[in-house]
Amino acid sequence: MKILVCISNVPDTTSKINFTADNKAFDKNGVQFVINPWDEYALTRAIELKEAKGGTVTVLNVGEADTEPNIRKALAIGADDAIRVNANPTDAFFVAQQIAAIAKENNYDMILMGKESIDYNGSQVHNMVGEILGIPAVVPAFKLDLVDDSTARLEREVEGGKEVVEVKLPFVASAQQPMSEPRIPNMRGIMTARTKPLNVVEPVGAEAKAEYVNYSKPEKKGGVKMIDPENAGELITLLRNEAKVL
Amino acid sequence: MSVLVFVEGLNGEIKKSSLEAASYGSQVAQQLGATATAVAIGEVHEEALTKLGEQGIEKVLYDEDSRLNSFVADAYVKVIAKAAQQESSKVLVFSNSNIGASIGAKLAVRLNGSLATNVTTLPNTDGGSFVVTRGVFSGKAFADVALTADVKIIAVKKNSFDVTHNAGATATVEKLSADLADADFAAAPKETVMQETDGVLLPEAEVVVSGGRGLKGPENWHLIEDLANALGAATACSKPVSDMDWRPHHEHVGQTGITVSPNLYIAVGISGAIQHLAGVNSSKVIVVINKDPEAPFFKAADYGIVGDAFEVVPKLIEAAKALDK
Ligand SMILES: Cc1cc2nc3c(=O)[nH]c(=O)nc-3n(C[C@H](O)[C@H](O)[C@H](O)COP(=O)(O)OP(=O)(O)OC[C@H]3O[C@@H](n4cnc5c(N)ncnc54)[C@H](O)[C@@H]3O)c2cc1C
Ligand SMILES: Nc1ncnc2c1ncn2[C@@H]1O[C@H](COP(=O)(O)O)[C@@H](O)[C@H]1O
């Protein structure tokens, strides 16, 4: 089983988000970057499948050199090797084309991603990769098992319920909880990660189709209005007559 | 030229999120001097299709192939691509649902278009540009994105646009057939299991009542459920609550759960960790009930009650029941 796991490098979930003075770019100053939390579900499930069936897990990131600590972390968690496409991931279509190019050169049995990256919240790359490669994309999946060597069974969330899907390999799937229980690297993992291959390749020519021109932050809330717990019912009246949401 | 809106059905009716997309689409059409067309699939009553005129839709293309009743991305994409070609659509509008965002991404590849998901504003089309604002960084910021390709595909964030009502206006309904082959259904679901709920679906809900670890255990969830029922709301929970299996995973909101943006979000016994806020911070009005006055959630709240949930919530249920509907 050859599995490709695509990881994006995102601000830690507790980060305060700031932009440069001209509001044209994200300000990375003082921000800690982590593996996109959803991608960790994909990574751990890939490692579990490898442990059960044999094979390899390759992690792929489209990013500049500053993403390497998190690529190493994925290796420490248990991936076998890694590829970094050396490019600034400008938009989803650009990233999808890079991933598809790597996938075309290597015959992966499955390509796993996260449900969405928590920075740009696009939820686009997985479906685009599936479409470019002409293989199914099961999005967002919370359960993934192999039925036999050529078929996988997935459960995916749809609004208001779930669907059980069986697809032939190869396919793309995006992960969300509770697909797996993300692991923390252990000492041995961290040691061996240093010697695992991390191949840096240059991007294929691809155009971006969306251009980020400006950033802003939501307006600050007007402050909280406190209601006396003894008179809690008053809240319902305010919600109807003042906030007009009931 | 037309603006094409994809509308999703639920039990024969059009989903509210799709009515929002239709209202959005017809406003874009007006801006561009174009017409607004909708495309519908599967089980939707003809009457519901005609009524899309109220949202400014002039024509609805309807593919009634019953194999489309459950979601099969490849087949859906084919139907919508055919409609877009037939109508020479340069702008395609979806709701930012799992289905809408999925087919939007596939169509972006197939039609060589620019895609923006999670969109919160109408486009700025000054000087021939096409710039929309979308939510980024889990509700902590917005980004203005210029869509540069000839075809623009937009997935509209739920509950960001009011549904317009031009009472009495009707849309014409035309049959559409995309000549689907069995191969288009290769990845069709084996089985679809809808949640057993007589209440409101969380992703579509206008009011959400959510419980955290402060509720102490699943046996106390009747407090959340009763308040939700009295308000016609959906129920949700924090991550630890679903991790401990007090509640199902599909109710967990936040950074690693689902994102909701209802008109009203009521948080009971939830501390307001930044990862929880990421899933709810674009709610229009937030109410926090917590016994700890220092709980961080109060900073993000519009209304707050410092008190014990076990005493406060029953009073709210009583007051909510007394509201005339
Ligand atoms: C990578 C990552 C991703 C995460 N993703 C999510 C996510 O998607 N969603 C999410 O929710 N969390 C997420 N978390 C967890 C998050 O950090 C918090 O731990 C979690 O939200 C806390 O849940 P809680 O508020 O229910 O529990 P607690 O933090 O334990 O808060 C319970 C609250 O209840 C109050 N309380 C207790 N008793 C009563 C009472 N009788 N009446 C009224 N109030 C009472 C307490 O004062 C307290 O404020 C994530 C964490 C990480 C690291
Ligand atoms: N720069 C990137 N490098 C590798 N994988 C990525 C990158 N960006 C996004 N992905 C993958 O695509 C998924 C969906 O991302 P997005 O479409 O940006 O929400 C993520 O969860 C990752 O698995």
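Here is a chat about two ligands and a few residues in a predicted model.

Colleague: Let's start with ligand 1. Where does ligand 1 lie?

Modeller: Ligand 1 sits between chains A and B. Keep in mind that we're looking at a predicted model.

Colleague: Which residues come nearest to ligand 1?

Modeller: There are 27 residues around ligand 1, and the nearest are Ser238(B), Ser271(B), Gln275(B), His276(B) and Asn290(B).

Colleague: What polar atoms lie by the nitrogen and oxygen atoms of ligand 1?

Modeller: A polar side-chain atom of Lys216(B) is 2.8 Å from a nitrogen atom of ligand 1. Gln255(B) uses a polar backbone atom, 2.9 Å from an oxygen atom of the ligand. Lys291(B) also has a polar backbone atom there, 3.2 Å from a nitrogen atom of ligand 1.

Colleague: And how much of ligand 1 does the protein bury?

Modeller: The protein buries 78% of the 990 Å² that ligand 1 exposes when taken alone. As for the shell, α6 (239–243), α7 and α8 (309–322) of chain B are the elements giving two or more residues to it.

Colleague: How do the shell residues around ligand 1 divide?

Modeller: Six are nonpolar, 15 are polar and six are charged.

Colleague: What does UniProt place around there?

Modeller: An unreviewed UniProt entry has a "binding site" feature on chain B, and its positions include Arg213(B), Ser271(B), Ala273(B), Gln275(B), His276(B) and Asn290(B).

Colleague: Let's pick Gln275(B). Which helix does Gln275(B) lie in, and what is it in contact with?

Modeller: Gln275(B) is part of helix α7 of chain B. Setting aside neighbours within four places in sequence, Gln275(B) contacts Thr13(A) and Thr14(A), plus Gly254(B) and Gln255(B).

Colleague: What about Ala273(B), where does that lie?

Modeller: In the loop between β15 (264–268) and α7 (274–280) of chain B. Ala273(B) is partly exposed too, with a relative accessible area of 34%.

Colleague: Over to ligand 2. How many residues surround ligand 2, and which are closest?

Modeller: 20 residues surround ligand 2, and the closest are Cys6(A), Asp39(A), Ser117(A), Ser123(A) and Gln124(A).

Colleague: Which atoms of Ser117(A), Val62(A) and Gly114(A) are by ligand 2?

Modeller: With Ser117(A), an N or O atom in the side chain lies 2.5 Å from an oxygen atom of ligand 2. Val62(A) brings a backbone N or O atom to 2.9 Å from a nitrogen atom of the ligand, and Gly114(A) has a polar backbone atom 3.0 Å from an oxygen atom of ligand 2. The protein covers 95% of the 480 Å² of accessible area that ligand 2 has on its own.

Colleague: Which element gives the most to the shell around ligand 2?

Modeller: That's β4(A), with three residues. The shell as a whole has nine nonpolar, nine polar and two charged residues.

Colleague: New topic: Asn118(B). Is it buried or exposed?

Modeller: Asn118(B) counts as buried, because its relative accessibility is 12% and the cut-off for buried is under 20%. You'll find Asn118(B) in strand β7 (residues 114–119) of chain B.

Colleague: What does the side chain of Asn118(B) reach?

Modeller: The backbone oxygen of Gly135(B), at 3.0 Å. Leaving out residues up to four places away in sequence, Asn118(B) touches several others, including Asn121(A), Asn96(B) and Lys157(B).

Key
Residues numbered from 1 in each chain as written. Chains lettered and ligands numbered in written order. Predicted model: local features only at pLDDT ≥ 70, side-chain atom pairs only at ≥ 80, totals over all residues. Heavy atoms only, no water. UniProt positions renumbered as here; feature names shortened; annotations may be inferred. Helix = DSSP H or I, 4+ residues; strand = E, 2+ residues; numbered from the N terminus. Buried < 20%, exposed > 50% of the residue type's maximum accessible area, 1.4 Å probe, protein only. Contact = heavy atoms within 4.5 Å. Near = heavy atom within 4 Å. Polar contact = N/O pair within 3.5 Å; in protein donor to acceptor, adjacent residues only side chain to side chain. Areas by Shrake-Rupley, 256 points an atom, 1.4 Å probe, with all protein chains shown as cover. Nonpolar A, V, L, I, M, F, W, Y, C, P; charged D, E, K, R; others polar.
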